[in-house]
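Please study the sequence and the structure before reading each solution.

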Amino acid sequence: MFDRTRIPDVVGLLLVGILIGPVFHLIDPASFGQAGRVFTNIVLVFILFESGLEVRFEQLKSALRGTVTLTTLNFIVTTMLVAAMAQMFAGLDFLSSVILGSILGGTSSAVVTTLARKVDIQDQTSTTLVMESAFSDVYTLAIPISLISLYTGASFSLGSMFGHIFTSLVLAVVAGVASGYLWSILLNKVPTLLKTRFSTPAFVFIVYGLVEQLDFSGPIAVLFFSITLGNVTLLRPRLLYPYLPSRHIELTAVEKDFFSEMVFLLRTFFFVYVGMSIVLDNAYLIGLGAAITLLLFLVRIPVVLASADTKTPLFDMSFMSIMIPKGLGAAVLATLPAQRGLPSGPTIQTITFAVIIFTTVFCTLLFFVLEKRKMLGFYRLFFGSHRPLDAASMLPAEPAPAAGGKP
């Protein structure tokens, strides 16, 4: 049904989850226990690994600067806006408001990666969005947890917080790249590994688990592991020449079919689980969450304008402007303040869950509208009429036929 109507299936899956969870109470997410967290990590690893293999070094190099700017600016603007709204309309104190804003400062890798692969945008744009969703996890994990520690009187220092962010990012990248080289050498020396479907995914999960155990960013490590694996021929140090393969490591057709089916299955249950996890028990705070969502979509426009390349097509800019869905990571973080005994914990949790559902639904609905090239006139008001419409319009024109009708 969703394939025929071109409506993103995320909307339907979320609604199914909401119906069987918070509406009719047929299933309680708490019944899944820790399995829910494990499951969402599995989804994230599969999606990031499959996406990273398709990223080429040229795309990464051109997208890296824009990614850092977009991720940092979007996090700061989102945190400030949400904190201001929470103070004015939810009665939260300053520190609780900033905690709420920092929890909502990132984007959902699962939603962003899923939608970015369904639309015709430039490779650089797609890479920027996927990397933003992974990089933002560093901010949305380190800063809220540090602020909660400050609120509860635990040890806290600004230097240690920013030091943790820096080390988490840099060491995750180093771990991912080093693991990519190591696995490339193993694949080159042990060809039988290439004949199995599960050896590479198994190694990916080992990398993810070890990096997370070291308190660094597992998603970033996985992303750079797969990028290194897919670009090993371009990034071969002289010392490793004899050990590394001389061609790109790509999934076979059978492996690609297998991975796409796994991602489809896991993604389906993931969005149903997100819908089940939503807690909607306060109409006023739910309405405040909807208002915050609308403002977040509006402030995303100047954020994209300030961070995107001047040559980015209008459609790509518009698409980047709607990519602010919040995921299950924010939902998990939203439960921490109440668990740590913060008086504002229930309020933070309800607003976060409301923003998650509204940003995801609005994002997918706007995706449906934009895919049909609607609303481009609205975004043209902000991004300018001089931009090309889409990537196809940037291709050089075919030469006109010569006189006599011959080309």
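Helices are DSSP runs of type H or I with at least four residues, numbered from the N terminus. The model used here is predicted.

**Exercise 1.** Determine in which helix Thr40 lies, and whether Thr40 is buried or exposed.

*Solution.* Step 1: Thr40 belongs to helix H3, which covers residues 35-52. Step 2: the relative accessible area of Thr40 is 10%. Step 3: a residue counts as buried under 20%, and therefore Thr40 is buried. Step 4: beyond its sequence neighbours up to four places away, Thr40 touches Phe270, Tyr273 and Leu328. Step 5: Gly327 is 287 residues from Thr40 along the chain, yet their C-alpha atoms are separated by 9.9 Å.

**Exercise 2.** Describe how helices H5 and H16 pack.

*Solution.* Step 1: two packed helices are described by the angle between their axes and the distance between the axes. Step 2: for H5 (residues 94-103) and H16 (residues 345-371), the angle is about 30° and the axes are 10 Å apart. Step 3: angles under 35 degrees count as roughly parallel, so H5 and H16 are roughly parallel to each other. Step 4: their crossing is right-handed. Step 5: Ser96, Ile99, Leu100 and Ile103 of H5 meet Ile348, Ile351 and Thr352 of H16. Step 6: these contact residues comprise five nonpolar, two polar and no charged.

**Exercise 3.** State how far helix H9 reaches from its first C-alpha to its last.

*Solution.* Step 1: H9 spans residues 199-213, which makes 15 residues. Step 2: its reach is 21 Å, close to the 21 Å expected at 1.5 Å a residue. Step 3: just after H9, Asp215 adopts a positive phi of about 70°.

How values were computed: Residues are numbered from 1 along each chain as its sequence is written. This is a predicted model: local features need pLDDT of at least 70, side-chain atom pairs count only at pLDDT 80 or more; totals for chains, interfaces and linings use all residues. Side-chain values use heavy atoms; hydrogens and water are left out. Helices (H or I, at least four residues) and strands (E, at least two) are DSSP runs, numbered from the N terminus. The expected span of a helix is 1.5 Å times one less than its number of residues. Axes are lines fitted to C-alpha atoms, for helices over the stretch in contact, and angles run from 0 to 180 degrees between N-to-C directions. Angles under 35 degrees count as roughly parallel, over 145 as roughly antiparallel, 65 to 115 as roughly perpendicular and the rest as oblique. A crossing is left-handed if the near helix is turned anticlockwise from the far one by less than a right angle, and right-handed if clockwise. Contact means heavy atoms within 4.5 Å. Ala, Val, Leu, Ile, Met, Phe, Trp, Tyr, Cys and Pro count as nonpolar, Asp, Glu, Lys and Arg as charged, and the others, Gly among them, as polar. Buried means under 20% relative accessible area, exposed over 50%, partly exposed in between (1.4 Å probe, protein chains only).
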